[in-house]
Amino acid sequence: MSYSVILPTLNEAGHIIQLADKIFETLSKTNEKFEILIIDDSSTDRTPELCKELERKKDNIFFFSRSGQKKNLADSINLGIKKSKYD
């Protein structure tokens, strides 16, 4: 199997690094292919910068920003689904 984990975010600077690292660590222990897609919904804190740093450090973490668009959790999830390559 293979996995796409979609993490919609909004002002999660205090939590996103720990969450992404824990998911990455857990899935890395399997022999499965995976990707973590972080979809930011126009955060006003440091979330985008932190996520871009995660994306640079780990090959299977991807960051997408919905900056400038109306905040909408469903749209963030749908963008993640559209960008994902696994189930």
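Mentor: Lys57 and Glu53 sit 4 residues apart in helix H2, so about one helical turn separates them. This is a predicted model, in which local features need pLDDT of at least 70 and side-chain atom pairs count only at pLDDT 80 or more, while totals for chains, interfaces and linings use all residues. Residues are numbered from 1 along each chain as its sequence is written, and side-chain values use heavy atoms, with hydrogens and water left out. Helices (H or I, at least four residues) and strands (E, at least two) are DSSP runs, numbered from the N terminus.

The side chains of Lys57 and Glu53 form a salt bridge with an N to O distance of 3.0 Å; the term means a side-chain nitrogen of Lys or Arg within 4 Å of a carboxyl oxygen of Asp or Glu. Lys57 is exposed, at 60% relative accessible area, whereas Glu53 is partly exposed at 32%. Here buried means under 20% relative accessible area, exposed over 50%, and partly exposed in between (1.4 Å probe, protein chains only).

Now follow the chain to the loop between H2 and S3. Asp21 and Lys58 meet there in a salt bridge of 2.7 Å, N to O. Asp21 belongs to helix H1 and Lys58 to the loop between H2 and S3, so this pair ties together parts that lie 37 residues apart in sequence. Both partners are partly exposed: Asp21 has 29% relative accessibility and Lys58 has 21%. Glu25 and Lys29 also form a salt bridge, at 3.8 Å from N to O. Asp41, Arg66 and Asp75 are linked in a salt-bridge network, and the count of salt bridges by this rule comes to 5.

The chain reaches S2 from S1 by way of helix H1 (residues 16-28), in a right-handed β-α-β crossover. Right-handed means that, with the strands pointing away from the viewer, the path from the first strand over the helix to the second runs clockwise. Across this pairing, Ile6 stands opposite Leu37 in S2. S2 and strand S3 (residues 61-65) are parallel too, with 5 bridges.

S2 has 7 of its 8 residues (33-40) buried, so the strand is largely enclosed by the rest of the structure. Of its 14 residues, Leu7, Ile16, Ile36, Ile38 and Ile61 touch the most other members. At least two residues of this core come from each of H1, S2, H2 and S3, and H1 gives the most, with 5.

Setting aside neighbours within four places in sequence, Ile16 is in contact (heavy atoms within 4.5 Å) with Leu7, Thr9, Ile38, Leu50, Cys51 and Leu54.

Terms used: Pairing = 2+ DSSP bridges. Core = buried A, V, L, I, M, F, W, Y, C linked by side-chain atoms within 4.5 Å.
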